[in-house]
Amino acid sequence: MPLKEFNDLADFQIPEVEALIRLATRLQQHPEPQALAGKVLALLFLSPSLRTLSSFQAAMIRLGGGSFVISPDMSIHGLETRSGIVMDGVAAEHLREAIPVISSYGDALGIRAFANRAKLEDDLADREYAVMRTLVKKPLINMESAIQHPCQSLADWKTMDELKVPRKGGKFVLSWAWHPKALPLAVPSATLHMAAMRGMDVTVVRPEGFELPQAIMDKARKAATQSGGSVRETADRREALEGAHIIYAKEWSSTRHYGDRVADAKLREELQDWRVDDPWFTTTRPDCRFMHCLPVRRGVAVTDRVLDGPRSVVVHEAENRMWGQMAVLYQMMGPGA
Amino acid sequence: MPLKEFNDLADFQIPEVEALIRLATRLQQHPEPQALAGKVLALLFLSPSLRTLSSFQAAMIRLGGGSFVISPDMSIHGLETRSGIVMDGVAAEHLREAIPVISSYGDALGIRAFANRAKLEDDLADREYAVMRTLVKKPLINMESAIQHPCQSLADWKTMDELKVPRKGGKFVLSWAWHPKALPLAVPSATLHMAAMRGMDVTVVRPEGFELPQAIMDKARKAATQSGGSVRETADRREALEGAHIIYAKEWSSTRHYGDRVADAKLREELQDWRVDDPWFTTTRPDCRFMHCLPVRRGVAVTDRVLDGPRSVVVHEAENRMWGQMAVLYQMMGPGA
Amino acid sequence: MPLKEFNDLADFQIPEVEALIRLATRLQQHPEPQALAGKVLALLFLSPSLRTLSSFQAAMIRLGGGSFVISPDMSIHGLETRSGIVMDGVAAEHLREAIPVISSYGDALGIRAFANRAKLEDDLADREYAVMRTLVKKPLINMESAIQHPCQSLADWKTMDELKVPRKGGKFVLSWAWHPKALPLAVPSATLHMAAMRGMDVTVVRPEGFELPQAIMDKARKAATQSGGSVRETADRREALEGAHIIYAKEWSSTRHYGDRVADAKLREELQDWRVDDPWFTTTRPDCRFMHCLPVRRGVAVTDRVLDGPRSVVVHEAENRMWGQMAVLYQMMGPGA
């Protein structure tokens with residue numbers, strides 16, 4: 001099936017996700033260095049990146065094509081994003097021109113957007129990304145927006161398959177972790193949905209004030225109903241971790257004080273013990289794995305000994321970003337597309 | 001014909017430009033993803049860029065080769081451009097080394113230079129670019145200098161062909177547009193020449209004090225004589241726009257006060273009504289198109305409703321940058337070169 | 001022989017270096033634009049670069065593969081390098097994650113590290129690079145570290161071969177040159193070793209206080225013993241230059257005051273006559289060549305007339321960076337690897 005958009009795992013049926021992962025594994029084992037010969041991926045980064053930036057470039061090279069990268073700091077004094085504005089300030093170009101132009105040079109486009117972190121409903125609706133999306137006529141990949149991160153989810157699913165983490169009956173704990181800043185909801189939202197869609201029993205554990213939004217929880221519950229999994233949320237870490245196959249740590253903003261950085265900072269200042277450490281694994285399954293999307297602040301969100309220990313599969317996840325994305329790119333621009 | 005330099009449409013005969021456009025269209029319709037296999041385009045940007053940066057990278061990928069980008073901020077504390085200087089300041093490398101080195105890594109080189117905007121005669125003589133040109137032994141592409149922008153002109157010519165804008169009898173209005181800064185003369189000069197060479201009846205309309213230099217006008221008149229077109233200049237917008245097939249807007253410096261930013265700023269501060277808007281099209285032909293090389297400041301040089309309306313072909317022009325440049329690269333490094 | 005690491009010419013036998021240079025020349029004369037189809041080189045730059053950045057990218061394109069570049073300023077607020085630290089500052093990612101992740105996307109990895117220039121023994125032991133090296137499981141290229149620069153040495157060896165500079169009996173003068181800053185020891189150390197290994201009679205000439213470290217001299221002497229060359233050091237420039245085939249200039253730190261920038265600056269402030277100029281060649285062989293790894297500060301380390309004159313082969317050396325690196329990449333990832 002030619003793929004026109006990769007925005008949210010929820011847009012796909014479970015067998016479609018499984019097919020993408022099978023394709024990723026096939027391309028990993030049997031390189032096809034001519035599959036995308038002469039094809040161009042345009043990459044627009046409105047936020048900084050390391051994994052996404054390098055894994056997409058590498059993915060295109062492995063398939064025989066190539067990519068180019070645009071970020072606002074490369075452009076003529078930045079890119080304006082606001083609508084209906086008189087551009088008499090610093091920015092010399094508007095996204096309304098930049099996006100159609102960039103996408104005219106590519107056979108597909110990837111956009112890394114950002115979360116405004118002002119109003120929760122705007123970020124839940126992915127307002128900024130939604131506007132950009134209307135400007136694109138080519139196949140489009142969401143490389144992380146305010147509320148989506150489908151490439152991370154695909155990589156994480158593939159990683160758990162390779163580690164033989166059970167789907168049905170697999171216990172997945174998504175834990176809030178400490179961080180000095182109020183980070184976006186994209187990864188926790190996408191991860192929760194992915195694990196639920198994979199049929200796992202998912203527990204979200206977070207301090208009070210950091211509940212995931214109702215819309216996100218409801219969407220994941222619906223996915224769990226179809227997959228045979230389950231979704232619940234708690235503040236009780238001890239109970240949450242019991243019997244876990246996976247601890248997936250992620251830092252995120254207070255939803256109670258969304259957009260209010262002072263109140264968020266005040267709420268989180270007492271929460272520094274939400275740092276994943278060896279004792280967290282006392283009551284998990286003995287073979288419990290530690291997952292994180294990276295980047296991670298060592299000694300802040302997670303201790304060195306967890307990251308450097310045998311439970312950590314963070315680099316495995318990161319590598320799977322590339323293989324998973326190759327499958328997406330192949331479906332968008334490859335022989336079958 | 002192998003192509004050694006792409007600097008100025010005036011260096012070519014009309015049939016040679018037509019052949020480049022035919023080649024561009026052929027490569028657009030019939031991809032040749034192996035044509036430049038193993039070939040390298042070196043790209044040196046001394047000024048920031050979005051379209052040029054991405055369209056050249058995409059062009060090389062589509063032809064099976066690749067490119068690399070160097071800009072002063074990537075290098076060791078910047079690139080020195082002045083001659084005969086004792087380099088005891090910040091810059092650790094001189095263009096006299098950087099350019100030969102970079103071009104030794106490529107099969108062709110593209111340079112984006114800049115306008116000094118100090119003395120008009122220096123910029124008309126393209127003094128900075130001329131020095132750099134002497135340092136290059138490979139095929140060389142002018143990616144915009146103080147006074148040239150041949151890639152933009154090639155793209156614009158191709159765009160008008162595709163839109164079936166008439167050559168003989170086609171009325172092309174190059175209009176000055178408002179901008180807070182004193183921008184270079186490269187695009188208006190190159191555009192005027194291109195439209196004259198294409199055989200059109202060209203009117204340059206601009207406020208007093210923003211006349212295009214005599215040398216530029218004379219060169220365009222000579223081209224018009226050969227092509228059967230015509231060239232004139234006026235300050236009367238109403239009269240200029242009557243019956244136009246094309247309004248091509250561009251912001252540029254005062255030539256009366258060239259290099260004097262204070263006097264230029266004073267002269268332009270009353271000229272904010274030189275903002276292209278729907279009423280400009282009242283007396284044009286009904287199917288009159290709006291062109292601009294981008295980037296454009298919305299609400300400043302042009303209104304949103306013109307840019308978002310059906311007359312605007314600015315993204316079409318920008319896309320043709322890539323196809324036109326592919327033809328140039330193909331002639332420089334491809335099978336026939 | 002598949003190549004797993006390219007770190008130090010001293011790790012190779014003389015015939016192995018000769019074979020790499022033959023391969024480089026072969027690839028220069030007979031392009032193999034499919035040799036590395038679908039292969040990826042990951043490039044990590046912890047210091048700025050021009051030649052290394054562009055020559056590695058060009059090298060991969062010429063062999064049909066590609067590369068991607070990561071530098072700390074592209075990443076999320078920089079990369080942390082210190083061990084065991086609580087990352088509550090600006091840097092959001094640690095090299096301990098970044099390096100394994102980046103190398104998971106490549107078939108080989110190049111790292112440009114830096115010299116701490118605090119303790120001489122740390123830099124001689126290449127402490128920073130050694131830590132990074134432990135994090136990489138892929139073939140690894142040292143793109144310059146505190147004390148190594150093997151790609152420069154390979155290029156310089158090839159350049160002298162092409163210029164028919166004699167090995168046995170060839171007189172190679174490595175001269176300290178003036179510079180306002182205390183630069184690293186990587187190039188002088190690597191260059192000394194290369195010339196000794198090539199069988200030349202090497203004289204290091206430098207002001208008092210800028211002696212090369214004993215360990216570096218001893219290592220080069222050992223190489224000279226095997227190759228039939230010789231190594232000596234002097235402060236007497238007049239005597240050193242007599243009969244030279246090559247003057248290779250390089251700026252470096254005071255070793256007497258290593259890590260003490262104030263004392264280094266004081267020592268060097270009287271040494272501005274260590275600027276290579278035409279009179280330096282009065283007693284050399286008439287066909288004596290001038291070499292420098294670049295970047296070079298004109299009028300500071302070398303005069304314009306030497307750099308622009310017929311003795312200078314600095315661009316030839318720089319071009320050979322690309323051809324030499326292609327041989328290394330071919331041995332790491334190509335058909336035979």
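**View 1. Surroundings of Leu329(A) in the predicted model.** Leu329(A) touches Leu36(A), Leu41(A), Ala59(A), Met60(A), Leu63(A) and Ala108(A), leaving aside residues up to four places away in sequence. Residues are in contact when their C-beta atoms, placed from the backbone, lie within 7 Å. Residue numbers start from 1 along each chain as its sequence is written, and chains are lettered from A and ligands numbered from 1 in the order in which they are written. As the model is predicted, local features need pLDDT of at least 70 and side-chain atom pairs count only at pLDDT 80 or more, while totals for chains, interfaces and linings use all residues.

**View 2. The largest nonpolar core.** This core has 349 residues, of which Leu329(A), Leu329(B) and Leu329(C) touch the most other members. A nonpolar core is a set of buried Ala, Val, Leu, Ile, Met, Phe, Trp, Tyr and Cys residues joined through C-beta atoms within 7 Å; buried residues have 20 or more other C-beta atoms within 10 Å of their own.

**View 3. Contact between chain A and chain C.** Here 28 residues of chain A meet 27 residues of chain C. On the chain A side, α2 (51-62) and α12 (314-333) are the elements giving two or more residues (helices are DSSP runs of H or I, at least four residues, numbered from the N terminus). With eight residues, α2(A) gives the most to this side.

**View 4. Contact between chain C and chain B.** In this interface, 28 residues of chain C are in contact with 27 residues of chain B. The largest share of the chain C side, eight residues, is supplied by α2(C).

How values were computed
Two residues are in contact if their C-beta atoms, placed from the backbone, lie within 7 Å. A residue is buried if 20 or more other C-beta atoms lie within 10 Å of its own, exposed if 12 or fewer, and partly exposed in between; C-beta atoms are placed from the backbone.
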